[in-house]
Amino acid sequence: MSERATPRPRPVKPQLAAAFQDVPVCASVVGPARVKDFASAASQVCVLASIPVGELTNAVRVLVHLGKTVFVNIDACPGLAQDRGAIDFLTGIGAQGVVSTRAALIDRARALDMLTMQKVFVTDRSNLNRSMEGVGRSSPDLVEVMPAPIIPWMPEEARRVLSPFVAAGFVMDAAGVAHSLAMGAVAAATSDPALWSLSRDQLRG
């Protein structure tokens with residue numbers, strides 16, 4: 001990526017910085033059965049996935065009522081179309097954020113003042129360069145970088161361009177969360193409920 005095309009680092013939105021201040025973990029809530037687990041966890045941010053559209057409204061409203069910041073993975077909820085109408089629906093039920101690999105959906109969500117998280121899968125150098133360019137164009141609030149173990153192998157410039165980012169995939173224990181933060185992530189995403197209340201104090205200890 002040329003120096004001219006390199007976007008400036010994006011600041012973390014105050015709402016997200018505050019949400020990750022004590023517990024730097026984004027809960028990947030996969031399936032309706034895990035909603036209750038997240039409701040009682042200390043983590044303040046989640047991504048809902050694999051929740052049928054008919055159950056999304058209640059899940060979102062319950063969690064928002066509890067003060068949680070709720071993103072919905074629009075690419076991974078059965079019955080939820082991957083189009084602008086789905087973004088409008090999510091806004092209507094109170095979801096604060098959207099996760100997608102699709103830049104057009106990120107743009108639509110941003111236009112509605114929703115929080116945005118663009119998911120990128122880093123598989124090789126050319127794919128990384130395309131991801132950097134795509135994120136530079138769509139300018140999401142967060143980037144979900146997958147898989148987390150690839151992050152140490154990414155050039156410093158790439159980590160800067162993709163920041164603020166959440167490390168996801170193969171984050172399986174406290175050491176994985178700590179390593180993700182050390183590599184520059186603002187948080188680590190995991191589907192393991194045992195990590196959803198992991199605090200910075202515990203990581204330092």
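Q: Where is the place of Phe170?

A: The model is a predicted one. Phe170 sits in the loop between β7 and α8 (174-182).

Q: Phi of Phe170 is near what value?

A: Most residues other than glycine have a negative phi, and most peptide bonds are trans. Phe170 has a positive phi, near 65 degrees, and is not a glycine.

Q: Is Phe170 buried or exposed?

A: Phe170 counts as exposed because its relative accessibility is 63%, and exposed residues are those over 50%.

Q: What is phi of Ser50, and where does Ser50 lie?

A: Ser50 also has a positive phi, near 55 degrees, in a residue other than glycine. Ser50 belongs to the loop between β2 and α3 (53-65). At 36% relative accessibility, Ser50 is partly exposed.

Q: Which peptide bond joins Ser163 and Pro164?

A: Most peptide bonds are trans. The bond between Ser163 and Pro164 is cis, with omega about -5 degrees. Pro164 is placed in the loop between α7 and β7 (165-168). The peptide bond from Met146 to Pro147 is cis too, with omega near -10 degrees. Pro147 is in the loop between β6 and α7.

Q: How do I read a helix such as α6: how many residues does it have, and what does it reach from its first C-alpha to its last?

A: Compare the span with the expected one. Helix α6 covers residues 125-138, which is 14 residues, and its first and last C-alpha atoms are 20 Å apart. That is close to the 20 Å expected at 1.5 Å a residue.

Q: Which residues of α6 are buried, and what covers them?

A: The buried residues of α6 are Asn127, Leu128, Ser131, Met132, Gly134, Val135 and Ser138. Their cover includes α5 (103-111), β5 (115-121), β6 (142-146) and α7 (156-162).

Q: Where is Gly136, and how far is it from Arg10 in space?

A: Gly136 is in helix α6. With a relative accessible area of 32%, Gly136 is partly exposed. Gly136 and Arg10 are 126 residues apart in sequence, while their C-alpha atoms are 9.8 Å apart.

Q: Which residue follows α6, and what is its phi?

A: Ser139 follows α6, and its phi is positive, near 50 degrees.

Q: How many disulfides does the structure hold?

A: A disulfide is a covalent bond between the sulfur atoms of two cysteines. The structure holds 0 disulfides.

Q: How much space lies in the largest pocket?

A: Rolling a probe the size of a water molecule over the atoms shows where empty space is left. The largest pocket holds about 230 Å³.

Q: Which residues lie nearest the centre of the largest pocket, and which strands supply its lining?

A: The pocket is lined by 15 residues, and Ser28, Glu144, Met146, Ala168 and Gly169 lie nearest its centre. β1, β2 (45-49), β6 and β8 (187-190) each supply at least two lining residues. By class, the lining has 8 nonpolar, 5 polar and 2 charged residues.

Q: Where does Ser28 lie, and what does it touch?

A: Ser28 is in strand β1 (residues 25-30). Leaving out residues up to four places away in sequence, Ser28 touches Val47, Ala189, Thr190, Ser191 and Trp196. Ser28 counts as buried because its relative accessible area is 18%, and the cut-off for buried is under 20%.

Q: Where is Leu198, and is it buried or exposed?

A: Leu198 is in the loop between β8 and α9 (200-204). Leu198 is buried, with a relative accessible area of 11%. Beyond residues up to four places away in sequence, Leu198 touches Asp22, Val23, Pro24, Val25, Ala174, Val177 and Leu203. The C-alpha atoms of Leu198 and Ala41 are separated by 9.2 Å, though the two residues are 157 apart along the chain.

Notes
Residues are numbered from 1 along each chain as its sequence is written. This is a predicted model: local features need pLDDT of at least 70, side-chain atom pairs count only at pLDDT 80 or more; totals for chains, interfaces and linings use all residues. Side-chain values use heavy atoms; hydrogens and water are left out. Helices (H or I, at least four residues) and strands (E, at least two) are DSSP runs, numbered from the N terminus. Buried means under 20% relative accessible area, exposed over 50%, partly exposed in between (1.4 Å probe, protein chains only). Contact means heavy atoms within 4.5 Å. The expected span of a helix is 1.5 Å times one less than its number of residues. A disulfide is a pair of cysteine sulfur atoms within 2.5 Å. On a 1 Å grid over the protein atoms alone, a cavity is a set of points where a 1.4 Å probe fits but cannot get out, and a pocket is an open set with protein on both sides within 12 Å along at least five of seven lines; lining residues have an atom within 4 Å of a point. Grid points are joined across faces, edges and corners, and a volume is the space filled by probe spheres set on the points. Ala, Val, Leu, Ile, Met, Phe, Trp, Tyr, Cys and Pro count as nonpolar, Asp, Glu, Lys and Arg as charged, and the others, Gly among them, as polar.
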